[in-house]
Amino acid sequence: MKQMMKMMALGASVSALAALVGCSQAGPMATAGEFEVEGKVYGMPKAEVFREDYRGDAVVGDTMTASPHLAKLDYAGNKTHQVRLDTLSQKVEVAPGVSYTAWTFGGSVPGPVLHVREGDRVVFTMKNRSDEAVLVSEPGKGAAPFYRQMADNPYQKPEAAISPMPHSMDFHSGTVAADDKWRSISPGETIQFEWVANYPGVYMYHCGTSSVLMHTAMGQYGAVVVSPKEGYPTEADHEYVITQSEFYLQQVGESYIYDHQAAMANNPSHVTFNGHVSALMDQPLRAKKGDRVRLYVLNAGPNGTSSFHVIGAIFDRVWYEGNLENEWRGMQTVLLGASNGAVMEFIVPEDGLYKLVDHEFHDAERGAAGALIAAPAP
Amino acid sequence: MSGWCKQWLWGGLLLAGTVTALAAESVVVPEGNFEHPVLLDRERRTEWVASFRVDARPVSREDYAAFVEAHPHWRRSAVAGLFHDGGYLRGWSSDVTPDGAPEAPVVQVSWYAARAYCEAQGGTLPSLVQWEYLVDLIRRLNGLSDDDYANAVFAWYGEQRPAAFEDRALGLSGFIGPVNEWLEDYQLLLANGDRVDFGGGSCGDTGRLILRYDSAHYATLLRYQMRSNHAPETTASNLGFRCVYP
């Protein structure tokens, strides 16, 4: 406790100094009430819950993309990101003819990918719009790149749905008091809070509202990529984001609903890359012979592990959890527990077709497979 | 429609002269033992529930319109901001004109409003134990299997699809859709002796306190949790209520 007080005092004096020298750069610099440990910032301001008459785009942020895309960070140093990611219900397809009313962030499962740099600050806003039919196919001008990419490749065939329910947001990339920032909000409420990307990595975000198994199994998760401050030691030719997750659906009448017994038994009906059994088969990843491909892989679970493997390739480098300190070389398969992530690079050895699979083949058979095609540019 | 009107008239006659003469037909619920599906108090597994009367169906829009006619301070244009979240009776075309079918359950009402309505009928909102005891009775008296019950709950929370089953034993309707219902003590407070259990609240883990880890208990827990996350000012398009009487 004493140690902490000292740090807080230090943090306060650092920011006071910053103010004195007129440093106005937005970023990780600690402000009043915040403190630093080894350059990492803690002690965020309290979350605010309020009501707003907001009917705009459900996803706002320059670096919010639809999987498998990753936004380029076109700025130097650190910045503060204003990010909105509303939670809403949406009917989505996860396999041919298999659609269900999902609980989502932004209208897709997984939700959009957020890309920031280590040390960046995120001012996050989320409205619970589960009691509102939100059209995600007609984004406005200020909408995130996510929407353009969804419109170009609407593989989940999203349809507006209403399913009023309390929800919350838990960013694994943030270090905060969960009972404050990750608290549940009712339909119609908005929550706003901040976090600083203290550690680089490939992180999960998800709804933490009880019952958390059902909220995540219903589709409320996605990936945050925090790139290392100093960048990667390698030059990648292509960067792709893949989120693996399970669905537990049973057919009741005409439609599909959540199957709790199956979820408890860890017996998914579908296991997917990026939310559809054919997402990376119908739209395969692309590269050329000799390219270095960097994959950001998150296993969102909610229950299972992933033994991620690329058929015909060896991972030249793997940074487990996406942290450069955790470097592995020459990996054939990377084991990811529920909510683990990793950055994996491989060299495309020759022209051809490379399958991406969960080498736990019962999951691959249920959809956890995709393709990368290496061919000369047409 | 005519059925609803008849019930409405009958209910009105029944209560005429005592309180505001508007209420749904009510049903007498027999006393009995209630086994807590979620251990709100670890030391209390069962509870004796005394006989009570309950509205046979959720309060309808025309019921509620009559209430605001008689109690102008509960009209949308007059209601105190403290008592709702801004969405109170959203969709009504005037202070006293509901949207949708008159016999459909009233929605977009806060806990405060629901309590005021029941009080005006000489009743109260059901307690959590009373309401869950009713669900339990309906399941048992109608021979509803645990799986059918669980699937009905999950379908309702996922797709807002009301359960297809009917209660032929007591004559109650509207449980498990078309609305979630306000309860007097809807907050899920888990006790551990004199302390509040740390597993409650958001990001919590209360699954460990359900009596059995099967689908039916989990479905019930989901309802407990969902209710508990509402604020008393909350209004929603799937949130209504019914009343109970001594």
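Me: Contact means heavy atoms within 4.5 Å. With that cut-off, which residues of α2(B) meet which residues of α3(B)?

Reply: This is a predicted model, so read every value as computed from it. On the α2(B) side, the residues are B:D63, B:Y64 and B:F67. They meet B:A113, B:A116, B:Y117 and B:A120 of α3(B). Sorted by class, this contact has six nonpolar residues, one charged residue and no polar ones.

Me: How do I describe the geometry of such a pair?

Reply: Two packed helices are described by the angle between their axes and the distance between the axes. Here, helix α2 of chain B covers residues 61-70, and helix α3 of chain B covers residues 111-120. Their axes come within 11 Å and cross at roughly 80°. Angles of 65 to 115 degrees count as roughly perpendicular, so α2(B) is roughly perpendicular to α3(B).

Me: What lies in the loop between α2 and α3 of chain B?

Reply: One residue to look at there is B:Q108. B:Q108 is not a glycine, yet its phi is positive, at about 60°.

Me: Now the interface. How many residues of chain A are in contact with chain B?

Reply: Start with the counts, then take the area. 30 residues of chain A are in contact with 32 residues of chain B. Together the two chains bury about 2,600 Å². Of that area, 52% is on carbon and sulfur atoms.

Me: How many salt bridges and polar contacts cross between chain A and chain B?

Reply: The rule finds one salt bridge across the interface. B:D85 pairs with A:R51, and their closest N and O atoms are 3.4 Å apart.

Me: Last topic, the backbone. Where are cis peptide bonds found in chain A?

Reply: Check omega. One cis bond joins A:S67 and A:P68, with omega about 5°. A:P68 sits in the loop between β5 (64-65) and β6 (80-85) of chain A. Another cis bond runs from A:V109 to A:P110, with omega near -5°. A:P110 belongs to the loop between β8 and β9 (113-117) of chain A.

Conventions
Residues are numbered from 1 along each chain as its sequence is written. Chains are lettered from A and ligands numbered from 1 in the order in which they are written. This is a predicted model: local features need pLDDT of at least 70, side-chain atom pairs count only at pLDDT 80 or more; totals for chains, interfaces and linings use all residues. Side-chain values use heavy atoms; hydrogens and water are left out. Axes are lines fitted to C-alpha atoms, for helices over the stretch in contact, and angles run from 0 to 180 degrees between N-to-C directions. Helices (H or I, at least four residues) and strands (E, at least two) are DSSP runs, numbered from the N terminus. Angles under 35 degrees count as roughly parallel, over 145 as roughly antiparallel, 65 to 115 as roughly perpendicular and the rest as oblique. Ala, Val, Leu, Ile, Met, Phe, Trp, Tyr, Cys and Pro count as nonpolar, Asp, Glu, Lys and Arg as charged, and the others, Gly among them, as polar. Buried area is the accessible area (1.4 Å probe) that two parts lose on being put together, summed over both. A salt bridge is a side-chain nitrogen of Lys or Arg within 4 Å of a carboxyl oxygen of Asp or Glu.
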